[in-house]
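I opened this model to look up a few local features. The entries below are in the order I worked through them.

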Amino acid sequence: MSASTKLRPCLRCQRLQDTKRHSSTTPIRNPNSNIQSALSYHWDTLPPTRDQLAHAAEFFERRPPQFLWSAEKFKNMEFSTSPEVCVLGRSNVGKSSLLNALLNKKIAHTSAQRGRTKLMNAFGVGGIDRGNPLVVLDMPGYGHGGRAAWGVQIMKYLEKRKELKRAFLLVDAEHGVKETDLQILALFKSQRIPYQVILSKVDKVLYGKGKPGSAIRPENMADLARKMEEVKDAIQPDTEDDGGVVGEVLACSSQIWMAGKRPGINAVRYAMLQAAGLELKPKVKLAKVEEIISYEELFGMENKHVSEAKAVSK
């Protein structure tokens with residue numbers, strides 16, 4: 001073989017080289033790049049900024065949550081000075097799974113059995129060294145699988161707990177608002193309890209029978225938008241009276257990952273911090289202070305100039 005003869009790689013090696021060359025120069029396009037904005041519906045609020053979402057994630061994840069107490073009855077609840085938010089919904093709507101995703105730790109019991117949560121459970125968020133600046137409560141489920149006695153205690157908490165800043169009502173995104181949900185909504189409105197609706201298990205709507213991680217079909221996105229509009233009509237039929245509801249609907253999933261995050265979880269975290277007044281406040285750029293001239297000074301100066309001009313002309 002002469003020195004000028006070159007060894008050519010086999011066809012399979014050529015294909016591998018072409019694949020590596022193409023993958024190193026061509027970025028992989030995320031088929032669901034716009035899904036984050038589709039997971040929230042704001043009609044009376046502003047969506048959080050990227051910095052606010054990052055702050056909410058750090059607040060919940062930087063320090064581990066702490067189990068504080070459990071109580072079956074309202075009168076047995078421990079005293080607290082930290083602001084509280086509670087998560088409630090129908091049995092098997094995914095409350096405990098959502099809390100584990102929010103708190104970034106498997107701290108709430110999960111089960112396929114309805115009514116697994118039998119007590120009101122409180123968890124401290126933000127660090128015990130900081131006095132747990134936020135307390136999140138996991139409430140027993142209502143409806144099928146729940147107990148009437150739990151409902152009485154939940155009502156007492158919602159109506160009488162001074163530390164409660166907002167109730168977060170979970171609604172199954174696939175099935176929408178049910179009759180038992182409407183009863184809770186009526187209570188919120190009659191007692192002027194501040195609340196917000198969260199659509200859980202949104203992956204069931206986005207992917208249907210498809211495999212999570214694949215491209216989301218446009219009709220599924222349209223179905224989610226329609227469900228959010230239906231929820232909005234159910235919680236605020238009168239645009240002039242909010243009834244204590246926050247003017248937004250958030251959708252989330254505790255079961256799947258998108259771009260390294262659980263979809264919608266940080267938005268729910270931000271909403272909880274915002275309810276307690278712990279959110280990252282946007283920076284407001286103040287206008288430059290200018291000298292203020294009074295009306296008398298302004299027109300006095302004009303009259304002076306006119307008088308001087310007439311004097312010169314003469």
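This is a predicted model: local features need pLDDT of at least 70, side-chain atom pairs count only at pLDDT 80 or more; totals for chains, interfaces and linings use all residues.

**Entry 1**

**Entry 1: helix α9**

I checked the length of helix α9 (residues 265-276) against its residue count. With 12 residues at 1.5 Å a residue, α9 should span 16 Å, and I find its end C-alpha atoms 17 Å apart, which agrees.

I then asked how many of the 12 residues of α9 are buried. The count is 10 of 12, so I put the helix down as mostly covered, with under 20% relative accessible area as the cut-off for buried. Among the buried residues are Ile265, Val268, Tyr270, Met272 and Leu273. The list also includes Asn266 and Arg269.

After α9 comes Gly277, and its phi is positive, near 75°.

**Entry 2: salt bridges**

I looked up the salt bridges and got 10 for the structure. One of them pairs Glu61 with Arg269, with the closest N and O atoms 2.8 Å apart. Glu61 lies in helix α3 (residues 50-61) and Arg269 in helix α9, so this pair ties together parts that are 208 residues apart in sequence. I recorded the accessibility of both partners. Arg269 is buried, at a relative accessible area of 2%, whereas Glu61 is partly exposed at 40%.

Next I took the pair of Asp129 and Arg63, which form a salt bridge with the closest N and O atoms 3.3 Å apart. Asp129 sits in the loop between β4 (120-125) and β5 (134-138), and Arg63 in the loop between α3 and β2 (66-71), so the pair ties together parts 66 residues apart in sequence. Asp129 is exposed, with a relative accessible area of 58%. Arg63 counts as partly exposed at 24% relative accessibility.

I also noted Lys281 with Glu279, where the closest N and O atoms of the salt bridge are 3.7 Å apart. Glu279 is buried, with a relative accessible area of 15%, and Lys281 is partly exposed at 48%.

Finally, I found Glu84, Arg161 and Glu163 linked in a network of salt bridges.

**Entry 3: Asp172**

I wanted to know which side chain of opposite charge is nearest to Asp172. It is Lys201, 4.1 Å away.

Asp172 is in strand β6 (residues 164-172). Its side chain reaches the backbone nitrogen of Glu174 at 2.9 Å. Leaving out residues up to four places away in sequence, I list Arg90, Val93, Ser200 and Lys201 as touching Asp172.

**Entry 4: His55**

I located His55 in helix α3. His55 is partly exposed, with a relative accessible area of 23%. The C-alpha atoms of His55 and Leu280 are separated by 6.6 Å, although the two residues are 225 residues apart along the chain. Not counting residues up to four places away in sequence, His55 touches Leu273, Leu278, Glu279 and Leu280. Of these, I had already met Leu273 among the buried residues of α9 and Glu279 as the salt-bridge partner of Lys281.

**Entry 5: nonpolar cores**

I looked up the largest nonpolar core and found that it has 44 residues. Leu88, Tyr157, Leu158 and Phe188 have the most contacts inside it.

Most residues other than glycine have a negative phi, so I noted the exceptions I came across. Asn92 has phi near 70° and lies in the loop between β3 (84-89) and α4 (95-103). Asn132 has phi near 50° and is found in the loop between β4 and β5.

Are these two residues buried or exposed? Asn92 counts as partly exposed at 36% relative accessibility, while Asn132 counts as buried at 7%.

How values were computed:
Residues are numbered from 1 along each chain as its sequence is written. Side-chain values use heavy atoms; hydrogens and water are left out. Helices (H or I, at least four residues) and strands (E, at least two) are DSSP runs, numbered from the N terminus. The expected span of a helix is 1.5 Å times one less than its number of residues. Buried means under 20% relative accessible area, exposed over 50%, partly exposed in between (1.4 Å probe, protein chains only). Lys and Arg count as positive and Asp and Glu as negative; His and the chain ends are not counted. A salt bridge is a side-chain nitrogen of Lys or Arg within 4 Å of a carboxyl oxygen of Asp or Glu. A polar contact is a pair of N or O atoms within 3.5 Å; within protein, one must be able to donate a hydrogen and the other to accept it, and residues adjacent in sequence count only if both atoms are side-chain atoms. Contact means heavy atoms within 4.5 Å. A nonpolar core is a set of buried Ala, Val, Leu, Ile, Met, Phe, Trp, Tyr and Cys residues joined through side-chain atoms within 4.5 Å.
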